[in-house]
Amino acid sequence: MTPAIDVAGLTVHYGQVRALDDVSLRVRPGRVTGLIGMNGSGKSTLFKTIMGMTRPDRGTVLIEDSAPARARKNGLVGYVPQTEDVDRTFPVSVRDVATMGRYGRMGFTRRVRGEDRTAVSKALERVELSDYADRQIGQLSGGQAKRAFLARGIAQGARILLLDEPFAGVDKRSEATIVRLLRELAEEGRTVLVSTHDLHALPRLADEAILLQRRVVFHGTVAEALRPETLALAFGLDMLEAVA
Amino acid sequence: MNPVDFVLEPLHYEFMVRALATTVIAAVVCALLSCWLVLIGWSLMGDAVSHAVLPGVVLAYVVGAPFALGALVFGGLAVGLIGAIRDTSRVKEDAAIGIVFTTLFALGLVLISVTPSQTDLNHIVFGNILGVSTSDVAQIAILAAVALVVLVLKRRDLMLYAFDPTHAQAIGLNPRRLGALLLGLLALTAVVALQVVGVILVVAMLIIPGATAYLLTDRFGRMLVIAPVTSTVCAVVGLYLSYWLDASSGGLIVVVQGVLFGLVFFLSPRHGVVARRLTRRRRRRSYTLAR
């Protein structure tokens, strides 16, 4: 089976610091994959490289067998940003945010057509934000804001969704909604890659897990990934003792 | 004096008609651009580029090229130098901006001092709205029209760039190119505005209208209407005041804009200081009652 994301021999430096060291991984299509690691383990760098925002020193990324730039042009890749990366005072409504998912399909001036409106309404319905469509995004809870950005990816029709720390600053109820939605999206055949350092949602959320510590230290089932001796590879022993 | 005379008398003078036309054009295009600058946090960048174009404009005057060309070259040079200093040394961005724009502005002042026909060029620094010629008005109108058309047609891409450049990248747009487009438009607009208020005050017209509109609405589309409308009203009022008070026109235009911002800052229905205080008090009271 063709992997949805195929990363081979990726090495990235920031100045003298090696952020990723010979990372190779294949993300399977139609599944939810958890990308687990501490802060500074290279999760964000890996996302940025897959998105083409950081140029690797060595190695390649393929998205559904095509070059990343081409995959992005074709609207294959949807991105849900970290909450703190979003300016919540920006004067846009929930509907505006979801509509941005359609920009790649629109013409030169990005005029909104009927099919775009339909796709946006449907996406908002799916994330249960239809009643909030006209709210400015600053008037949402953390979990609702996350869902607004997820609606953007759905409206886009992205086949691959990248989510950066989707559970940071999210209440339990929204977390459950997001987990359910991501499961549904995977069952429809979309590929979901979730970067997180939050382990407790993992068993319900993900089909498989990748542990990252500048290199891939583990790639397999969630149950195996959560075994203490495996986690120690990514988090070190001190941290595990603190959790236990 | 009756209000009709207040409005009509200045229009008997052709220089005032030209001044009014130029002011309105500059107010509209600056205000539109300011919506993006305020949201991205590029106020300092706006200040930098509008100052840095000075040597370009002077050199363009010397060789007889269009002002806009010189401004674009030096605007781009300023942005490039700022980026280079920030990325290749330990100096932080705000210091890089401070170094580059003051140096280029100073170079402009030196060039003015050694170029014959000084009177003309000092007007670039302080603005000389009452002295614009018909050909100046034509040049300003063309530049403004170009900036206006690009801003309106590309408003959604530029909004996306301001809001979430990562998503722009994800759907195959080029955030760097959008940023460069916005900076190019900034250099063009600076040329338009510096004829009205001068290099030193251009940044006011590039920030205040957007900030005022931002306090009045939660929709970007409405900002793009409110900013030009308030900016135009302020600019026209400022120009009339300068006629009747016989005071600096560029100065008064900016002062009126600042006064309106002050009013909105206190009185805006949702984001004003007064409204926020009232909401907080009401909340506290209902909380006390509930107990």
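**Note on the predicted two-chain model**

1. Helix H5 of chain A, residues 142–156, lies across strands S5 and S6 of that chain, S6 being residues 160–164, and runs at about 175° to S5(A). The coordinates discussed here are those of a predicted model, and the points below should be read with that in mind.

2. On confidence, chain A has an average pLDDT of 90, and 97% of its residues score at least 70. Among the elements of chain A, the highest mean pLDDT, 96, belongs to helix H3 (residues 94–100), whereas helix H10 (residues 237–243) of chain A has the lowest, at 55. I would keep that value for H10(A) in view when reading the end of the list of elements.

3. The sheet of chain A is open and is built from 6 strands, which follow one another in the order S5-S6-S7-S3-S8-S9 with mixed pairing. Its edges are formed by S5 and S9 of chain A, each of which pairs on one side only. When direction is ignored, neighbouring strands of this sheet are turned against each other by 15° on average.

4. Strand S3 (residues 32–36) of chain A runs parallel to strand S7 (residues 191–196) of chain A, and the two are joined by 5 bridges; A:Val32 has A:Val192 in S7(A) as its bridge partner. Strand S8 (residues 208–213) of chain A, by contrast, pairs with strand S9 (residues 215–221) of chain A in the antiparallel sense, over 6 bridges, and here A:Ile210 has A:His219 in S9(A) as its bridge partner.

5. S8(A) and S9(A) also form a hairpin, in which 1 residue stands between the strands, and A:Arg214 in the turn has a positive phi of about 65°. Helix H9 (residues 228–235) of chain A lies across these two strands and across S3 as well, and it runs at about 40° to S8(A).

6. The domain assignment divides chain A into domain 1, made of 1–76 + 162–244, and domain 2, which covers 86–158. The C-alpha centres of these two domains of chain A lie 25 Å apart, and their contact draws 11 residues from domain 1 and 15 residues from domain 2. On the side of domain 1 of chain A that touches domain 2, the residues divide into 5 nonpolar, 4 polar and 2 charged.

7. Between the chains, 22 residues of chain A are in contact with 19 residues of chain B. Helix H2 (68–73) and strand S5 (77–80) of chain A each supply at least two residues of the chain A side, and S5(A) gives the most to it, with 3 residues. By class, the side of chain A that touches chain B has 10 nonpolar, 8 polar and 4 charged residues.

8. In chain B, helix H7 (residues 134–153) packs with helix H10 (residues 175–197) at an angle of about 145°, their axes being 9 Å apart, and the crossing of H7(B) past H10(B) is left-handed. The residues that H7(B) brings to this contact include B:Ile140, B:Leu143, B:Ala147 and B:Val150, while those from H10(B) include B:Leu185, B:Leu188, B:Val192 and B:Gln195. By class, the contact of H7(B) with H10(B) has 11 nonpolar, 2 polar and 1 charged residues.

Technical notes. Residues numbered from 1 in each chain as written. Chains lettered and ligands numbered in written order. Predicted model: local features only at pLDDT ≥ 70, side-chain atom pairs only at ≥ 80, totals over all residues. Axes fitted to C-alpha atoms, helices over the stretch in contact; angles between N-to-C directions. Helix = DSSP H or I, 4+ residues; strand = E, 2+ residues; numbered from the N terminus. Left-handed = near helix turned anticlockwise from the far one by under 90°. Contact = placed C-beta atoms within 7 Å. Nonpolar A, V, L, I, M, F, W, Y, C, P; charged D, E, K, R; others polar. Domains from an automatic or database assignment. Pairing = 2+ DSSP bridges. pLDDT = per-residue confidence, 0-100.
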